Amino acid sequence: MVFQRFNPKQKSSLSPFFFLFFVSSLFFVDLFEGRFLLTERDLGPYFIPPRFFWVESIKQGDFPLWNPYQFCGHPFFANPQHAILYPFNGLFFLLPFDVAFNVIIIFHFFLGGLFTYFFVRDLKVRPPGALISGLIFMLSGYLLSVHSLLTILLSSVWTPLIMMFFRRAILGRGFKNEIFTALLITLSFLGGGIEIVYGNFLILLIMVAFLPSPCIKSVGDKPRRYRFIHNVPIYWGRIKTLCIVSALFLLLSAVQLLPFIELFHYSIRGNGISYQEATIWSFAPKDFLLFFLPDAYGYFLDMKKYWMTQCWLKTLYTGGLPFILSLLFFLPSRRSSFPSEGGKAMNRLQENRIFYFILVLLSLFLSLGQYNPLYLFVFKYVPFFNGIRYPVKFLYIFILVTSITAGLGFQRWIEWPARGWGKRQKNLFIIFSLISGLLLLWMVIGHHSFEHFLKGKGVDVPNFNYLSVNLHHAKRFLFYLAIFFLLLRVGYELKWKVWVTVLLLVFLVADLFGNLGFYGKEKTVDYFQKTRIIERILSDQGNFRIFSTGKTISLDTPVLIAEASPLDAFKEKHLPSMTLLYQLHNIWGLDVIRLRRIDELYHAMIGAPSISATQLIDLFGIKYIISMTPIDEISRFELIYARIEGLQGEREDLLKENTIKLYKHRNPFPRAWLVKDFKIMNSKAILTEMAKIEFNPGREVLLEEKPEWINPPTPYLLNEGKEGIPKVEPEEIKEPLSGPQNKIEFISETNNRLILQVGTDEKVMLVLSDSYYPGWKAMVDGKVQKIYQANYAFRAIPLNTGTHRIEFIYDPLSFKLGAGVSLLGIFICIVYLLVAGCKCREAPPLNSQH
């Protein structure tokens, strides 16, 4: 039988499995030559440090609901991009960190290919066609590019399986497939790619509306209106299936979803972002050329050109064969074109053309972003799109559809009749092969004249990549194009004998291996090696924060270092995320969902004319400043180190250059302090007041509501007292509180808990320069005390006279509620699967012929 339903238990299914695994491993073979870390673009600064932090925290028994080391404290678990609950991240606890990190990435390339293979086989396509689809998606330039945007890789590879089980569900194959669909969407969400999850729901919506089904009848020659009414129950059933899948997803993902929604509300994304920011890195129409010529425009020749052109993908190379086969699938034909049994099945698959074509249009419509005049409407009126950046991410749908339709197109070519149009098309393949070969020969023979002609037309740097590079890629593309056309023709004539099919797969892999090397790696020991600045800061055991200036951390600003590798130059910038590796408290970090008030306060500080223009540097509790620009305030800051070893020139001259310098605050402000004076103001007035040089955080605290003191009956005694919350008016005071009776001691700190010992001889406000956020509660001598939002973004609690033990505990309701809801969802799914399994075992066997 030509078509056979995919059965993963069959032995024959293991060969494609091992082949995909071998190819994916071979693609990254150089990683096995030593201990390396994949560090391409965002992996190094953005993904590795947070993962290292939470893995080490969990190993020490300290679950990281909160990250105290960035942004003056920040919700950590609530951000899905950290993927703490993603199942495959369990490898971090079985393997060394660097090995696990690389294995997770490589394994997801394999999963992307395998899941695409499963889906195409479920469409009753032969293994060679399904394998072609899996290879194209697995080795596509898009998937390789997004490995540096790790959340996109982890989330997008699940899309083929989501489509497969949802297709089964809407074809009426039971609640079990709805459960599997919801579970897979949940896994995609836990991978951290929020935009991918959104895109997957759009795919499901289109499947509901446009996916053909044998149940949808044409009803003869009846009017179209009657046909629609006749099929309404079928579409209503599909809508119910989508609703069930959505409800199950909300239940299963609640443990991550509810904290994320809470964080999103308080973040810079909560009120939406500007259209300009939302459309950064849109897919430019001219970039279609990148599917055939890698980096044709030389976007990655220098970082300035990269940022100016806003090309988000390092390579899009897909080669010629995927588009040839996909075009074969989309070519129109009559139903009678395939009279055989397998051909009839192929005819049914041809009905999917409209569905896949609409998916292509959707992908391109969204990916074009700013180049699409209608995208502004989507941004304004479609829910959540005003918080999504980088429209080019949605190109994953186009790549996946191209991969799937390539497998379908190959199957169609196998079944193509030898008469009529099929005969003419066979001849076209020979013609196209000859044309490609002749063009290649002409470019090789007339290389110099051709190169001279193109240079005269400006097809060279700076508008394009180096001409020699583009010509090499063009010749390579034509070579494989000629081979593919020839093999498709020969395979058709020889009824696709095994050796022809194997040869086609080998050349496809060789062609897609043109993306080989489009990823960066560094030795693990070099990546984790401490800089001298980090070593100096780590020698100080106090409670303080550090600050790297904006110019210092800007990737556009070159750093002056003697004999430095790119990794050394990158590490010397001391990006805030990198200090997380050593658990240093930083006032900033790298997070796309950061708290709005901390963000505004930070920009108020760095937007000032100089560090001395405000008192915010004291408010943040900064003790060490890492800066390229010299700090002239010698009375306030002391230069304790400069990275000028090996540089030629006078020391004073080198300090004026873009060398890395470490300054120490001579009299740093504490992280926690006591004040007696406070003002009640609205939030906007507070931010304005704090930006003034006259504001002194040591003399007063700015609040948004009046504090209330808990008054114990006996002063100076701990854990005694009666109920009562009297209102106390503070006395005016103009100087910071000091003296032996006003003392703060840090007892201990973990991710979710901070313990202080505070002694005071007056009724005061304890101010802590840690971020204010729902979920924190304060215990003063074992009793709950309300935390007030102080100084716009921080915390404060009122204290009575005496010595107090104070505990700040992060115990968010969103996490506990979400965990309970998710457990309920898991329970529902397990009970149903167990009941369904029991019913299947009790059902009498059916006699059937195969």
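Student: Is Phe283 buried or exposed?

Tutor: Buried means under 20% relative accessible area, exposed over 50%, and partly exposed in between (1.4 Å probe, protein chains only). Phe283 has a relative accessible area of 2%, so it counts as buried. Phe291 is buried as well, at 1%. This is a predicted model, in which local features need pLDDT of at least 70 and side-chain atom pairs count only at pLDDT 80 or more, while totals for chains, interfaces and linings use all residues. Residues are numbered from 1 along each chain as its sequence is written, and side-chain values use heavy atoms, leaving out hydrogens and water.

Student: How many aromatic pairs does a search of the whole structure find?

Tutor: Rings of Phe, Tyr and Trp (its six-membered ring) pair if their centres lie within 6.5 Å; planes under 30 degrees apart count as stacked, over 60 as edge-to-face, and the rest as tilted. The search finds 74 such pairs. Tyr117 and Phe118 form a tilted one, with 6.3 Å between centres and 55° between the planes. Tyr117 counts as buried, at 2% relative accessibility. Phe283 and Phe291 form an edge-to-face pair, 6.2 Å centre to centre with 65° between the planes. One aromatic cluster is made of Phe17, Phe18, Phe21, Tyr86, Phe88, Phe107, Phe110, Phe115 and Trp158.

Student: Which ring does the charged end of Lys521 sit over?

Tutor: A charge sits over a ring if NZ of Lys or CZ of Arg is within 6 Å of the ring centre and within 35 degrees of the ring normal. For Lys521 the ring is that of Phe36, with the charged end 5.3 Å from its centre. Arg597 has its charged end over the ring of Tyr792, 4.7 Å from the centre.

Student: Which residues touch the most other members of the largest nonpolar core?

Tutor: In soluble globular proteins, nonpolar side chains tend to be buried together. A nonpolar core is a set of buried Ala, Val, Leu, Ile, Met, Phe, Trp, Tyr and Cys residues joined through side-chain atoms within 4.5 Å. The largest here has 252 residues, and Tyr356, Leu395, Leu488, Leu766 and Phe808 touch the most other members. Helix H3 (residues 97-122) gives the most to this core, 15 residues. Another core, apart from it, has six residues, including Ala562, Ala642, Ile644 and Leu654.

Student: What does Tyr356 touch?

Tutor: Contact means heavy atoms within 4.5 Å. Leaving aside residues up to four places away in sequence, Tyr356 touches Phe119, Leu123, Phe329, Phe330, Val401, Ile404, Thr405 and Leu408. Across the protein chain, 76% of contacts between residues at least 6 apart in sequence join residues at least 24 apart.

Student: How many residues of H16 are buried?

Tutor: Helices (H or I, at least four residues) and strands (E, at least two) are DSSP runs, numbered from the N terminus. In H16, 11 of the 15 residues are buried, so this helix is largely enclosed by the rest of the structure. Among them are Phe355, Tyr356, Leu359 and Leu366. Gly369 follows H16, with a positive phi near 55°.

Student: How does the span of H7 agree with its 12 residues?

Tutor: The expected span of a helix is 1.5 Å times one less than its number of residues. H7 (residues 159-170) should span 16 Å, and its end C-alpha atoms are 16 Å apart. Of its 12 residues, 12 are buried. Gly172 follows H7 and has a positive phi, near 85°.
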